[in-house]
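Let's take a friendly walk through a protein model together. Have a look at the structure first, and then read on.

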Amino acid sequence: MGRSTGILAVTSALPEKTLTYEELEQRFGPETMKKVLSGSGIRHRRVAPRGVCGSDLAYDAACQLLDDHQIDRQTIDLLIFCTQTPDYFLPTTACILHERLRLKPECASFDINLGCSQYIYALSVAHSMIYAGVASRALVLTGDTLSQTLHPMDRSVVPLLADGGSASLVGEVPEGQGFLGFKLGTDGTGHKYLMIPAGGFRIPISEKTSNEITDTEGNVRTQQNLYMNGAAIFHFAISVVPTTIHSILSELSLSMNDVDLFLFHQANKYMLDYLLRKLKILPEKTHFFIEDVGNSSGSTVPIVLYEAWRAGKIRPGALVLMIGFGVGLSWAATVVRWPDNALNVVPNRTG
Amino acid sequence: MTQGEFISEFAQILDVVPAELQPETELSTFCNWDSVAYLAAMVLIDEGLGITLRPEVISNAKTFGDILKAVDSAFQP
């Protein structure tokens with residue numbers, strides 16, 4: 001009981017296909033795309049073809065992680081798959097991944113579906129289960145194909161959202177290293193600001209739900225497509241993110257200066273630039289990975305973590321604060337002291 | 001930030017000259033008053049005036065006067 005845990009390795013898997021700025025210029029016009037680029041910082045976005053699921057991206061990332069670091073699959077006794085685009089309503093996709101990854105029967109497997117905050121929620125669960133002695137070594141996977149939920153003529157979301165996956169190994173670390181704390185939160189009053197209204201049990205699929213609606217800005221969607229109120233999400237982010245960061249640091253008796261690297265959910269660069277100004281964080285104390293890959297929802301945090309690690313910005317002993325925020329509305333932050341026993345970073349194959 | 005500076009910065013968001021922004025000016029007359037402008041306005045008001053306005057206050061504003069009324073407290077002595 002009471003083991004310190006941390007992230008020992010992480011990698012990402014991105015689809016090879018890119019939906020380019022130029023293609024979207026053809027679709028939405030040059031003026032719209034100029035505004036999108038200045039308003040979001042996203043130029044190109046990686047999208048998976050039909051038939052490729054978030055679990056496939058997670059599987060690719062997991063295989064990379066296990067093979068590149070020569071990790072014995074039989075030592076994994078916890079698999080958490082984070083997704084909001086599961087293979088099926090049931091069974092839970094983590095069980096399918098359990099089969100594909102040939103993990104042992106004694107490995108607990110389940111999904112967490114919480115979008116932009118899901119990775120950190122999953123880390124908190126993995127940490128808690130290992131800390132309590134219920135597990136000892138966890139694979140935390142993420143994978144989403146949100147691009148497949150969008151109406152192709154909805155310019156409020158098509159230029160922004162992308163697909164991606166990741167795999168992280170979570171296990172025991174030296175005392176005082178790894179996860180120092182977590183801060184989780186919810187504002188359910190905002191659930192309607194980012195949702196796919198139809199397709200669940202509240203509003204089943206029908207002829208009506210497939211009717212196209214054009215909003216006041218000319219965006220087209222059906223109730224079966226993802227809808228996002230960008231202004232409401234923006235307002236939420238600029239309110240909740242600073243408060244949560246100050247709160248978790250205060251609880252850990254740390255200051256902003258103690259943190260070596262701040263990693264944010266890569267939602268929108270304009271928003272992130274503003275958050276850096278608001279929090280007075282120097283650009284060299286963060287990392288961006290959004291311009292050419294887009295916003296892959298619940299995978300952006302582990303993906304930017306991997307990219308920062310690959311860029312040499314994270315070494316043993318470094319204090320890293322990660323924060324995810326979005327759909328739900330939901331948010332999660334963690335502060336991690338990068339452990340001495342973290343595995344060496346390996347370049348991924350799909351970067 | 002003074003009210004004059006605020007009006008000037010707001011005008012830049014809409015790509016117009018400050019003189020075009022009068023209290024009775026209808027925002028819908030500006031082609032750049034859209035969801036991207038709402039975000040820029042939110043940042044201007046949050047960063048420049050220290051007020052975090054709910055997004056519907058901005059998106060439901062009919063005139064520039066509605067915006068000025070919403071941020072009026074920032075200019076009180």
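## A helix between neighbours

The buried residues of helix 2 of chain B pack against helix 1 (3-14) and helix 3 (55-59) of chain B, and also against helix 2 (30-40), helix 6 (230-251) and helix 7 (269-279) of chain A. Among those buried residues are Tyr38(B), Leu39(B), Met42(B) and Ile45(B). Buried here means that 20 or more other C-beta atoms, placed from the backbone, lie within 10 Å of the residue's own. Helices are DSSP runs of H or I with at least four residues, numbered from the N terminus.

This is a predicted model, where local features need pLDDT of at least 70 and side-chain atom pairs count only at pLDDT 80 or more, while totals for chains, interfaces and linings use all residues. Residues are numbered from 1 along each chain as its sequence is written, with chains lettered from A and ligands numbered from 1 in the order in which they are written.

## Where the chains meet

In this model, 15 residues of chain A are in contact with 14 residues of chain B, contact meaning C-beta atoms, placed from the backbone, within 7 Å. On the side of chain A that touches chain B, helix 6 of chain A gives the largest share, seven residues.

## Chain B as a whole

Chain B has four helices and zero strands. From the N terminus on, its elements run α-α-α-α. Its C-alpha atoms fill a box of roughly 35 × 25 × 20 Å, taken along the principal axes. Of the 77 residues in chain B, 29% are buried.

Notes: Buried ≥ 20, exposed ≤ 12 C-beta atoms within 10 Å, placed from the backbone. Helix = DSSP H or I, 4+ residues; strand = E, 2+ residues; numbered from the N terminus. Contact = placed C-beta atoms within 7 Å.
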